[in-house]
Structures are given as C-alpha cells and as structure tokens.
Amino acid sequence: MTSWALVLSTCAGCYALKVLGYLVPARVLHKPAVRRLVELVPVALLAALIVVEAIADGSRLHLDPARLAGVAVGGVAVWRRAPFLVVVVAAALTAGLVRLA
Amino acid sequence: MRRGRQAAGVSGAASDAEGPPAGFEPARGVRRDAAAVSLAVGAYGIAFGAAAVSAGLSVLQACVLSLAAFTGGTQFAVVGVIAGGGGSGAALASGLLLGSRNTLYGMRLAPLLRVRGLRRMLAALGTIDETTAMAQAQQSPALARTAYWWTFAGVYAFWNLATLLGALAGSVIDPIRFGLDAVVPAAFLALLGPRLRTSRLDRRIALTGAVIAGLLIPVTPAGVPVLAAAAALLLAVRTPERAS
C-alpha cells in the first residue's frame, strides 16, 4: 500500500464507522459489554503505541537515549498534570537538547 | 483528546447553580464552552501535523487525514505505526480499531440530533469524543443540538488549521534534530494519562497492553505488537467494572 492508499483508506474507513452509528438501530450494538470493550480499546492500544514508539525501530529494539529522555520527561509532565502542549514541547525539547549534547 | 469532557463538565456544573441569572442565555454558555474546547484541540492538531510529516507523510496527506478522517486518536495511531516502521495494513487496522468508538457515539447522537439525508452525512463526519461529550452534557435536546454543531464547527476549524500549521512547521525543520520523534509517544502519554487516574481496570489493561507490545517487538513484523495489545481487553471481559 502506498502512503496515499493508506491515507485514503483511513479516511474512508473512519467515515464509514461514524456513519454506521447513525444507520444501525441502537439495540444492535448498544449492549453494555460491547460498549465497555469499545471504550477500553484506546487504553490498550495507546499503551502499546507508547512502548513501540519509545523502544522500537521496525521490529528490533532500539534504545535511543535522546528519544527515551524525551518520552520520560513527557511522562513526568503528564504525571504533574501539565497541559498537552507543555507535554509535547517538553518531550521534543528534551530529545533535541540531548542530541545536541 | 479528552478536553471535551472536562469542558463539558464545567458547563454542567454551571447550570447546577441556583437559578439562571437575569438575562442568562444557556445557548451562549454552550457556544463559549464550544470555543474553549476548540482552542484546546488546536494544540493537538499542531502536534499531529508535525508528527505526520516527520513520519514521512506529505503536508497534503496530513491535511487530508484531518479534513476527512477527522478523529484525533486514529490519526495519531496511523502516524505512530508508520513512524515505527510498521506496514500500512497494521497502521490502518490500528487506526480503525481506535475509530470504532465513533460508531457508539453515532448511535448515542442519532436520537438527539434527529438528522436525515445530507445533514445526517455531515453530522456523521463530526462524530468524535469532543462533540459527543458536549452534546450529552446538555439539559435539553435543543441545547444538545446547539452544543453539537458549534463544537463540531469550532473543533473542525481549529483541528484543520492547526494540522496545516504543524505540518508546515514540521516540514521546514529537521524532525530528528528538533526531537519531533518524541512528540508522538508524548502525545499518547497525554491522551492516556487521564484514563489511568480514574480507573483501576484501565491501569491493568494499559500495563498488559504495554507488556504484550514490548515482548512482541523483536519477534513480529512492525505494527503487529500494537494490534496484538488489543488482547489486553480480555481482562475487561472477566473483571467487574469499578472505580479505583
């Protein structure tokens, strides 16, 4: 798949998922168990994405000190309840500065 | 993108106060909340635009995603998987898994918005965390509709403008030198943080998902560890729901 194919199929798929909610009768999918699972999907996937982004390069482990430092500082910022922009800017600045050093 | 819920919570608290002051117009408060949510979302849009181009997408591709997919978590996931060297199939599958909750939102919004035909097709595009939270926080269906359409308009404008700005900024600077590769995991941390504070089950699922992904990195093609982490949801099937 080229990057355009990925972009366009993501757009089409996301829109189809949204429209589906307006077309199906609520009782079909609106069971409490289904709702809970769908709402928990982001928790599992975000946690996995953080790990992969932080320590992987393709399918091998890659511990880049600058990136790890950036992610760690971002984690501390989230823990201290910093606003979103502060979190990402702190992470990028840290990674950039470690690379300068 | 959880700001919608916070702002909507503020709006709900305000209307609990003893009686509206003279001349108070609820729709005005709703529009003000919608503006606040839209501004907050702008920050995520800048981060998304910058992350998308540093992952190898063009400025136009980043903008098309924000215009037509218009769902932040999915967009970040797709970019995150390809930045990590994952294939398009894995990126698409992760993105659609994250987009599946918009289907539930649509089912909740349909009876509130009562839209048909073209307006329904347009309403579907705006069905995301923020607009659903704002619409559901209102006291009457009329206010819910006002909240929905104003939040949609504001978030759509700021999300797309911010994506363009972030993508342009990301394409003129060297992403590695400026540490942009740390932006995506930091953004994910910021999205996940609030969930971990409120629920023990969420913490267990996050930890399990992270462990599954970490163990699979060296033994599976890139992108697969993220998808496989969905197996952590099995914990929810057997665990009764309760707050921490």
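**Burial, helix packing and the A–B interface**

With 26 C-beta neighbours inside 10 Å, G170(B) counts as buried. The model is a predicted one. G170(B) sits in helix α9 of chain B, which covers residues 141-172. Beyond its neighbours within four places in sequence, G170(B) is in contact with G49(B), A50(B), V53(B) and S54(B), and also with P175(B) and L180(B). A133(B) lies 37 residues from G170(B) along the chain, and 31 Å separate the two C-alpha atoms.

Chain B is helical in its assigned elements. It has 13 helices and zero strands. Of its 244 residues, 57% count as buried. Among contacts in chain B with a separation of 6 or more, 74% join residues 24 or more positions apart.

Two residues of chain B other than glycine have positive phi. For F70(B) the angle is about 45°. F70(B) is placed in the loop between α3 (59-69) and α4 (72-83) of chain B. It counts as buried because 24 C-beta neighbours lie inside 10 Å. For R114(B), phi is near 50°. R114(B) belongs to the loop between α6 (101-113) and α7 (117-125) of chain B. It counts as exposed because its C-beta neighbours inside 10 Å number 12.

The domain assignment divides chain B into domain 1 (3-15 + 24-180) and domain 2 (199-244). Their centres, taken over C-alpha atoms, are 25 Å apart. Ten residues of domain 1 of chain B are in contact with seven residues of domain 2 of chain B. On the domain 1 side, helix α5 (residues 88-99) of chain B supplies the largest share, five residues. By class, that side holds five nonpolar, five polar and no charged residues.

Helix α11 (residues 200-216) of chain B has 17 residues. At 1.5 Å a residue they should span 24 Å, and the end C-alpha atoms are 25 Å apart, which agrees. Buried positions in α11(B) include L201(B), D202(B), I205(B) and A206(B). T208(B), G209(B), A210(B), I212(B), A213(B) and L216(B) in α11(B) are buried as well.

The helix α5(B) has twelve residues. From first C-alpha to last it reaches 16 Å, close to the 16 Å expected at 1.5 Å a residue. Nine of the twelve residues are buried, so α5(B) is largely enclosed by the rest of the structure. The buried residues are A90(B), A91(B), L92(B), A93(B), S94(B), G95(B), L97(B), L98(B) and G99(B). Their cover includes elements from both chains: α1 and α3 of chain A, together with α4, α6 and α12 (224-228) of chain B.

The contact between α3(A) and α5(B) can be described residue by residue. The two helices pack at an angle of about 145°, with their axes 8 Å apart. V41(A), P42(A) and L45(A) in α3(A) meet S94(B), L97(B) and L98(B) in α5(B). By class, this contact has five nonpolar, one polar and no charged residues.

Across the chain interface, 66 residues of chain A are in contact with 81 residues of chain B. Several elements of chain A each supply at least two residues to the side that touches chain B, including α1 (3-23), α3 (32-55), α4 (65-79) and α5 (84-100). Also among them are α2 (26-29), β1 (56-57) and β2 (60-61). The largest share, 20 residues, comes from α3(A). By class, the side of chain A that touches chain B has 44 nonpolar, 13 polar and nine charged residues.

The largest nonpolar core has 119 residues. Those that touch the most other members are A44(A), L45(A), A47(A), A48(A), A91(A), A51(B) and V183(B). The core draws at least three residues from each of domain 1 (3-15 + 24-180) and domain 2 (199-244) of chain B. Not counting residues up to four places away in sequence, A51(B) touches F76(B), V79(B), L180(B), V183(B) and V184(B). L180(B) is in contact with G170(B) too.

Key
Residues numbered from 1 in each chain as written. Chains lettered and ligands numbered in written order. Predicted model: local features only at pLDDT ≥ 70, side-chain atom pairs only at ≥ 80, totals over all residues. Core = buried A, V, L, I, M, F, W, Y, C linked by C-beta atoms within 7 Å. Buried ≥ 20, exposed ≤ 12 C-beta atoms within 10 Å, placed from the backbone. Domains from an automatic or database assignment. Contact = placed C-beta atoms within 7 Å. Helix = DSSP H or I, 4+ residues; strand = E, 2+ residues; numbered from the N terminus. Nonpolar A, V, L, I, M, F, W, Y, C, P; charged D, E, K, R; others polar. Expected span 1.5 Å × (residues − 1). Axes fitted to C-alpha atoms, helices over the stretch in contact; angles between N-to-C directions.
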